[in-house]
Amino acid sequence: MSEIKIEKLGEPELKARGVLNWPIWEKGESEFPWHYDDREQCLILRGEVTVQPESGAAVRFAEGDFVTFPKGMSCTWTVHRAVRKHYQFG
């Protein structure tokens, strides 16, 4: 299984991928387990999060980060500051 990938994408790349048309998900400060049945890509619009995979190092990301989570990963999300993101599975 691959690892969590964090990128910084410019506006032309975000537009080319259609990211700004993806659904939006929001979550307040919290901690919860999560399992990815499929790959997820997301653009963090606001907030700050740490994701701790069951195996591997914790990853922290925030506003402006484009994050890819691998299919099959189980992890724990810790939302430090309320998060708002565009997301897409598949």
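Visitor: At 2% relative accessibility, does Glu40 count as buried or exposed?
Guide: Welcome! This is a predicted model, and in it Glu40 has a relative accessibility of 2%. Buried means under 20%. Glu40 therefore counts as buried.

Visitor: Which side chain makes a polar contact with the side chain of Glu40?
Guide: Let's begin with the setting: Glu40 lies in strand β4, residues 40-53. Leaving aside neighbours within four places in sequence, Glu40 is in contact with Val67, Thr68, Phe69, Lys85, Tyr87, Gln88 and Phe89. The polar contact between side chains, at 2.7 Å, is with Lys85.

Visitor: What distance separates the C-alpha atoms of Glu26 and Val83?
Guide: Along the chain, these two residues are 57 residues apart. Even so, Val83 is among the residues in contact with Glu26 once neighbours within four places in sequence are left aside. The separation of their C-alpha atoms is 5.5 Å.

Visitor: Glu26 is also in contact with Arg46 and Arg84. What is the length of the polar contact that joins the side chains of Glu26 and Arg84?
Guide: Good one to check in the viewer! With the side chain of Arg46, the side chain of Glu26 makes a polar contact of 3.3 Å. The side chains of Glu26 and Arg84 are joined by a polar contact of 2.9 Å.

Notes
Residues numbered from 1 in each chain as written. Predicted model: local features only at pLDDT ≥ 70, side-chain atom pairs only at ≥ 80, totals over all residues. Heavy atoms only, no water. Contact = heavy atoms within 4.5 Å. Polar contact = N/O pair within 3.5 Å; in protein donor to acceptor, adjacent residues only side chain to side chain. Helix = DSSP H or I, 4+ residues; strand = E, 2+ residues; numbered from the N terminus. Buried < 20%, exposed > 50% of the residue type's maximum accessible area, 1.4 Å probe, protein only.
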